[in-house]
Amino acid sequence: MKIEILGAHNTETDRCRLPCLLVDDEIALDAGGLTSSLALDKQQRIKAVLLTHHHFDHTKDLVMLGANDSMPPSTVDVYGLPDTLEAVYLYLLDGKMYRDYTQWPSKDQPRLRLRPIAPFQRLFIQNHEIVPVPVSHTVPAVGYLVKAEGGRSIFYTGDTGNGLSECWERVTPDVLFIEVTGLNRMEADMVRLRHLTPLLLAQELQHYRNLKGHIPRVIITHLSVLYEEELRQEIADAGKLLEMELEIGYEGLTIDL
Ligand SMILES: [Zn+2]
Ligand SMILES: [Zn+2]
C-alpha cells in the first residue's frame, strides 16, 4: 500500500496544502488539498473520496474534482456520514455556489456520487477494506481504518479532540496518521474546538500503549502554520516523554507499507 500526504496543514499557502491523503493513487482520504496537489491525469485516476467530516479545510477541492472530468466520463464515489454529505451538498454542490456535480453531466452518470456510510460499516473499495470509526470533533466525524490486501493497515483520524480510548479499542494500525493543531498553552481552546496539542496527543498515545502494549508509527498532520516552529519543538518534547519518535508529516511524504 502506498500512502502519499497531499496536504499536511490546516491552512493553504504557497508551501502547504489542506488535509488530504492519497492511498494507492485511487482513494483520497479528505479532499482539502486534492486537486491543488495533483496533475490532471492523476486526478482522473481517483475512484473514491472518503470524507472525515464536512469542514471546509477537508472538503474544499471536491468542487474542482467534479469539474475536472475525464474522457470518457467517470464517476467518483464520495463517502461520508449522512450529516457530512448533507452539508457538503447544501453548501458546495447544490448548484448555487457552482455546478451540481452530483447531477452533471447526467443524473444517471454524474461526476460525483454521494454515498452515505454508517460508523463501523465495512466498505470494500479498490481492493481495500475500509472501516469508519467515530472520533470526537465539533461536528459528526469519523477516522478511517484502511487495510490493504495482505493485511497492512493505516488509521487516519482527520480532526479529533482528546478522548480516543473507545476508538483505540477498534483499531490496531501499522501507521497512525493523527492531528496536532495547537500549542500546549492553547489546551483549553483546543479541547473546546476538539483538536489536539502535543501533550494531549502524548496522553492519547499513552492510553493506546496501556491498552495494546505498543504504539504504532505515528505521523502527525493538520499543523497550524502560524505556530509551526514552536509546535515542532513541543512535538519533539512529547516524543521524549513517550520515548519514541513522533514524525511530522509534510506535503509529498510517501510511505510504502
Ligand atoms: Zn474540523
Ligand atoms: Zn481541519
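In this predicted model, strand 8 runs into strand 9 through a hairpin of five residues. Strand 9 (residues 141–147) also pairs with strand 10 (residues 153–156).

- The pairing of strand 8 (128–135) with strand 9 is antiparallel and spans seven bridges.
- Within the pairing of these two strands, Val133 sits opposite Gly143 of strand 9.
- Four bridges connect strand 9 and strand 10 in the antiparallel sense, and Leu145 has Phe155 in strand 10 as its bridge partner.
- Strand 9 is mostly covered, since six of its seven residues are buried.

- Asp30 has a phi near 70°, which is positive although the residue is not glycine.
- The loop that holds Asp30 runs between strand 3 (27–29) and helix 1 (40–43).
- Asp30 has 31 C-beta neighbours inside 10 Å and therefore counts as buried, the cut-off being 20 or more.
- Gln126 is another residue other than glycine with a positive phi, here near 45°.
- Gln126 belongs to the loop between strand 7 (123–125) and strand 8.
- Gln126 is partly exposed because 14 other C-beta atoms lie within 10 Å, a count between the limits of 12 or fewer for exposed and 20 or more for buried.

**Cis peptide bond**
- The peptide bond between Trp104 and Pro105 is cis, with omega at about 10°.
- Pro105 is located in the loop between helix 4 (82–91) and strand 6 (112–116).

**Surroundings of Thr75**
- Thr75 is part of the loop between helix 3 (62–67) and strand 5 (76–80).
- Which residues does Thr75 contact, leaving aside its neighbours within four places in sequence? They are Gln109, Pro110, Arg111 and Arg113.
- Thr75 and Ala48 are 27 residues apart along the chain, and their C-alpha atoms are separated by 8.7 Å.
- Is Thr75 buried or partly exposed? With 17 C-beta neighbours inside 10 Å, Thr75 counts as partly exposed, because a buried residue needs 20 or more.

How values were computed:
Residues numbered from 1 in each chain as written. Chains lettered and ligands numbered in written order. Predicted model: local features only at pLDDT ≥ 70, side-chain atom pairs only at ≥ 80, totals over all residues. Pairing = 2+ DSSP bridges. Contact = placed C-beta atoms within 7 Å.
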